[in-house]
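Reader: I have a new structure to look at. Can you walk me through it?

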Amino acid sequence: MQPSKRAALRSLKRLSSPVSSPVVAPLATKAGSLPTIQANNLRGTTAYSNHATSSRIIPANTSTRGFATIAPSLHSATNERKPLFDKILIANRGEIACRVIRTAKRLGIKTVAVYSTVDKDALHVKMADEAYHIGAAPSSESYLRIDKIIDVVKRSGAQAVHPGYGFLSENAGFAEKLAKEGIVFIGPPASAIVSMGSKSESKDIMTKAGVPCVPGYHGSDQSPSLLASQAESIGYPVLIKAVMGGGGKGMKVVESAEGFGEALESAKREALKAFGDERVLVEKYIVRPRHVEVQVFGDQQGNVVSLWERDCSVQRRHQKIIEEAPAPGISEEIRAELGRKAVAAAKAVKYEGAGTVEFIFDNDTSKFYFMEMNTRLQVEHPVTEMITQQDLVEWQLEVASGNPLPLTQEQIPRVGHAFEARIYAENPRNNFLPDVGPLLYLSTPTPSENLRLEEGFLQGSNIEVYYDPLISKLVAHGRDRIEALRVLRKALEEYKVVGVSTNIQFLRTLSGHTDFIKGDVETSFINKHFDELFPVIQPPSPELLLQAALFIVLRDNATSFAPKEPATPWNSLHSRRFGDDVQQRTVMFTTSAESTHPDEVRVISRAAAPDGKESIFDIEVVRRNNDSPENPTITKFEGVKAALASPTSISCTFSNAKHLTTVVPQLPQAHLPASPQNAERLHIFYNDPTGNGELKTTLYVPPPKWLLSLGGDVINASVKKGIRAPMPSMVVEVKVAVGEVVKKGQAIVVLESMKTESVLRSDKDGKIVSIGCKKGEMVEEGLELVVIGELEN
């Protein structure tokens, strides 16, 4: 064989060999250009063409786990690649700002951050090359101030603006003003934002383009009477949606004519606040729908491709919490048709950049209907990156620089399966109400080739009332759906947060649900499986109470963990006496502030273990049931060995097993009087013996009775019984007046927190005695808003 032929064969072999590990961003070539990717003998990899009559399946190589391989560049000698920007500004905050900064840094692009007063120490500010303050905490005074952002662009010398998602990302006026100033908007043209931003106009465009749409009213007449009559014509249930909406804002499901008026008012209020436009449309509500969306990308040369679909069906309050790609249970024929229709939708508005075409998929008929197009990078874009092995932010930068798309439709691979779980500061057991406060403790899973962590906050950061409660995103990848789900569940077990309520445990329960594992999903999944997703909370086991008590006993001994001074009798004996007497202590716990019968753990310290690092204890756990406290259950443990492994973990050996448990104490708030609610709490992350993995339990350490008595006097002197703010919020509307008679269930106050409205209702028939808030006022959690007295006979 001639040398030239041998060299060519070696080159071909290297080209077709799979990359050894998955990479989120494409590999850089020596010239610095973005390489293209093709699917070639990849295990679990599929590609299709939107122009073909049927899907095209690439043969699988089952012998190795393969990933995308480098293919010849699309940039020919006659079509030279244009350089990327030298400096860009990110007009956003949180994890998406950090996400954009990471790709920019890898490409050698300088980054400029903007921040509000409360974000001065935020992670995105620390990561950027430059950062500029643009206003007070409310987004209307900072992240939505177009004039201030453009001023920073000019001052910093940035050439382009990446809007992230939310805020100004779909604001056509922003894109137009940037263009007038000669600043590149890393997103679609303003005309596409306008067309797709209006749900009514977009549906007209889609109908003309041959994209199926849901039956409904999209007209300009917004009178309540006409909208109500249209709802009657369509047939209940109906869905009210903001014309300019997205993210579940201004969206209400109405089951009957009786609830239409109130739902319409609320939808219009939310729409006006979120988008500056109160117009709505009314559509038929599909009873068993799935939310399936297609990632599309267009360039300035007129090319448009789809990068497979995502399923985002499992939602709360019409907002996504877990997404996956590709969508489960969809045939290759339907998958190809979804891609073709999505490309047709994008081409109809001459789309450029990253966009998502969202469809409602009817589980009963397998038909799909156009819902809307999001003209920005989506929160859930990482799952698409994982299965295509592409960096979509890099694609955005390429397209905005005037370069063609890095791949043609036929070259886009599909490698394995991916999930994204959104970690929110919210309380799932309280209707998913958002929470605010500091991240007192944060321990996250370690990223790997199969696991991404997109985060925007570190331990000590504050989750603010002014913004979305998203803390981070966990993105897991596997060779198939089962493997990806297993990676996700393990990562969720390793994710620990203290300081705010989170949905982590709920996500673990959800990802382990039988129907979810089977891929039997729909948008009403949570309501349908409510009882299984929110099982009755079991009382803490004796083993858990044992570890909690030992943690307190060992913690309160100042020398029990890493003494800085050499051990002497003066700094090591403490409460012990000479004579080797037995030391005993009783620690009490409750599972909630309302519990009236605490469990007791009697700890008897026997001696130090032979190695000198552990102590030996006898334990007696007395558990009292609130229903029958006079009949406690007593469990005894002898010869328990224990030592603090760190300030937030304890190592215990009992019942012939060794346990390492994370225990994070949260001290009571010093500025508030002692009460059952304002008590020390222990947040315990432990391995569930019944096989449910690692769970979190919070135990209260009730203050002593004398301290509760003093605190009670202070509280009773200032507290009345009334409706209180469940979280820091802004008062949207007070719907009653002093002296007004109200019925049980009647709306009293409307609050708004983290872009979401909450209606507080009366829990009884009564009369309004006093009102402690007014429209537009910011109120703290627990503040008494309205006092409702008894009706006079």
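Author: Start with a term: helices (H or I, at least four residues) and strands (E, at least two) are DSSP runs, numbered from the N terminus. With that, α5 is followed by G182, whose phi is positive, near 75°.

Reader: Where do the coordinates and the numbering come from?
Author: This is a predicted model, where local features need pLDDT of at least 70 and side-chain atom pairs count only at pLDDT 80 or more, while totals for chains, interfaces and linings use all residues. Residues are numbered from 1 along each chain as its sequence is written, and side-chain values use heavy atoms, with hydrogens and water left out.

Reader: How many helices and strands does the protein chain have?
Author: The protein chain has 20 helices and 43 strands. Of its 793 residues, 52% are buried, where buried means under 20% relative accessible area, exposed over 50%, and partly exposed in between (1.4 Å probe, protein chains only).

Reader: Back to α5. Which of its residues are buried?
Author: In α5 (residues 172–180) they are A172, F174, A175 and L178. Seen down the helix axis, the buried residues of α5 fall within an arc of 160°, so they line one face of the helix. That arc is taken from the directions from the helix axis to the C-beta atoms.

Reader: Why would they end up on one face?
Author: An α-helix has 3.6 residues a turn, so residues three or four places apart point the same way.

Reader: What do they pack against?
Author: The buried residues of α5 pack against α4 (146–156), β6 (160–162), β7 (184–185) and α6 (190–197). Contact here means heavy atoms within 4.5 Å.

Reader: And what caps the N-terminal end of α5?
Author: N171 does, with a side-chain oxygen 3.0 Å from the backbone nitrogen of G173. A polar contact is a pair of N or O atoms within 3.5 Å; within protein, one must be able to donate a hydrogen and the other to accept it, and residues adjacent in sequence count only if both atoms are side-chain atoms.

Reader: You mentioned β6. Which strand pairs with it?
Author: β3 pairs with β6 in the parallel sense over 3 bridges; two strands pair if DSSP finds at least two bridges between them. I88 stands opposite A160 in β6. β3 (residues 87–90) is also joined by 4 bridges to β4 (residues 110–116), and these two run parallel. The bridge partner of I88 in β4 is T111.

Reader: How does the chain get from β3 to β4?
Author: The chain crosses through helix α2 (residues 94–106), and this β-α-β crossover is right-handed. Right-handed means that, with the strands pointing away from the viewer, the path from the first strand over the helix to the second runs clockwise.

Reader: Are the faces of β3 covered or open?
Author: Both faces of β3 are covered: K87 and L89 on one side and I88 and I90 on the other are all buried. In a regular strand the side chains alternate between the two faces of the sheet.

Reader: Different topic. What about β26?
Author: In β26 (residues 470–478), 9 of the 9 residues are buried, so the strand is largely enclosed by the rest of the structure. β19 (residues 417–424) is joined to β26 by 8 bridges and runs antiparallel to it. β24 (residues 451–455) pairs with β26 in the antiparallel sense over 5 bridges. L474 of β26 has A421 opposite, and L453 also stands opposite L474.

Reader: Which strands form the open sheet, and in what order?
Author: The order is β40-β39-β37-β42, 4 strands with antiparallel pairing. β40 (756–761) and β42 (778–779) stand at the edges, each with a single partner strand, so one side of each is left without a neighbour in the sheet.

Reader: What packs on that sheet?
Author: Helix α9 (residues 260–275) does, touching β37 (729–734), β39 and β40. The direction of α9 makes about 140° with that of β40. Axes are lines fitted to C-alpha atoms, for helices over the stretch in contact, and angles run from 0 to 180 degrees between N-to-C directions.

Reader: Last one: is H529 buried or exposed?
Author: H529 is buried, with a relative accessible area of 7%. The residue sits in the loop between α16 (525–528) and α17 (530–533). Leaving aside neighbours within four places in sequence, H529 is in contact with H513 and D515.
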